[in-house]
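This report covers a ligand site, strand pairing and some backbone features. Please view the sequence and the structure together while reading.

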Amino acid sequence: MIKVGVLGAKGRMGSLVSETVRGARDLELVAEVDVGDSRDDLRGCDVVVDFTSPGVVMDNLRWCVRSGLNMVIGTSGFDGARLAEANDLLDNSTRQTPQAAVKPRVLVVPNFSVGAVLMMKFAEQAARFFESAEIVELHHAGKVDAPSGTAARTAAMIAAARSAAGTGPAPDATATQLEGARGAIVSGVHVHSVRMAGLVAHQEVLLGGHGETLTIRHDSLDRASFMPGVIMAVRGIASLSPGLTVGLEGLLGLA
Ligand SMILES: NC(=O)c1ccc[n+]([C@@H]2O[C@H](COP(=O)([O-])OP(=O)(O)OC[C@H]3O[C@@H](n4cnc5c(N)ncnc54)[C@H](O)[C@@H]3O)[C@@H](O)[C@H]2O)c1
């Protein structure tokens, strides 16, 4: 049995993770931690799943890594600086045992939906063939951060693919604009965030070239769409190299 702890257990995602773990025969839910609960209950877990908020996740990460716990993180807000901090933390938290140096594993997953991972992969593959690439992400009105972690990661993947192919900047003649009208610029890619009651999590990658456009769209219609990826991460984290891994691609055989 894989012993699982959940941070943010009373939240929209955390409560669904707890329910899903309870329903899996090979997993045992040993700790559900939310605001006001002691993290000590997480000691002894094989893996801790964090769905809290960008404001608290780094503190949870520090605590888990220093406690030698493997961690699957779904909480958004992991930019380059945070990933670098996570790497430093992991490097400095390696424990020496009589057998070997032991470093915890941290898997940061901007999006657990298999469809969304494929959308990002397809966008990365297509990006070099088009002059223009922009992202529109649309989420429920309760989301506290913008742009989404998925949009930021898609932008970084598109930018890296365009840079590797020697694609220049996208054409844009905008000379005057109201602040924000062209969205946020993430890794050189314009990202537009929509927040609306009734939505869950959606994203369009718009690519434009000579007389044609390509739109790659993904819709998470229910939070249940994230659960197969979360469970895959919980089951698979022990097979990853110690240290930091970003994205589900490796576990899905897409890396
Ligand atoms: N990676 C993905 O696929 C994915 C999918 C959906 C949501 N998310 C992200 O997951 C995070 C959580 O989303 P949500 O909709 O469940 O939010 P939510 O607000 O419903 O839940 C967050 C929970 O964390 C708890 N919390 C806050 N501080 C805490 C702390 N210090 N210790 C323990 N618990 C604490 C809150 O009380 C709350 O119950 C967000 O960052 C969201 O963007 C990621």
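Two strands pair if DSSP finds at least two bridges between them. Helices (H or I, at least four residues) and strands (E, at least two) are DSSP runs, numbered from the N terminus. This is a predicted model, in which local features need pLDDT of at least 70 and side-chain atom pairs count only at pLDDT 80 or more, while totals for chains, interfaces and linings use all residues. Residues are numbered from 1 along each chain as its sequence is written, and side-chain values use heavy atoms, with hydrogens and water left out.

**Strands and hairpins**

Strands E11 (residues 201–208) and E12 (residues 213–220) run antiparallel and are joined by eight bridges. In this pair, Ala 201 is opposite Ser 220 of E12. Four residues separate the two strands of this hairpin, and Gly 211 in the turn has a positive phi of about 70°.

E9 and E10 also run antiparallel, with three bridges, and Ala 184 is opposite Val 191 of E10. They form a hairpin with two residues between the strands. Ser 187 belongs to the loop between E9 (184–186) and E10 (189–195); its phi is positive, near 50°, in a residue other than glycine. E10 pairs with E8 as well, in the parallel sense and over six bridges, with Glu 137 opposite Ser 193 of E10.

**A cis peptide**

Most residues other than glycine have a negative phi, and most peptide bonds are trans. The bond between Ala 146 and Pro 147 is cis, with omega about -5°. Pro 147 lies in the loop between strand E8 (132–139) and helix H5 (149–165).

**Ligand site**

The ligand sits in the largest pocket. A pocket is an open set of points on a 1 Å grid over the protein atoms alone, where a 1.4 Å probe fits, with protein on both sides within 12 Å along at least five of seven lines; a molecule sits in it if more than half of its atoms lie within 2 Å of its grid points.

Around the ligand are 21 residues, of which Arg 12, Met 13, Asp 34, Ser 76 and Phe 112 come nearest; a residue counts if one of its heavy atoms lies within 4 Å. The shell has 10 nonpolar, seven polar and four charged residues.

The table gives polar contacts (pairs of N or O atoms within 3.5 Å).

| Residue atom | Distance to a ligand oxygen |
|---|---|
| Gly 11, polar backbone atom | 3.1 Å |
| Ser 76, polar side-chain atom | 2.9 Å |
| Phe 112, backbone N or O atom | 2.9 Å |

The protein covers 78% of the 860 Å² of accessible area (Shrake-Rupley method, 1.4 Å probe) that the ligand has on its own.

Note on methods: Polar contact = N/O pair within 3.5 Å; in protein donor to acceptor, adjacent residues only side chain to side chain. 1 Å grid on protein atoms, 1.4 Å probe; cavity = no way out; pocket = protein on both sides within 12 Å on 5 of 7 lines; lining within 4 Å. Nonpolar A, V, L, I, M, F, W, Y, C, P; charged D, E, K, R; others polar.
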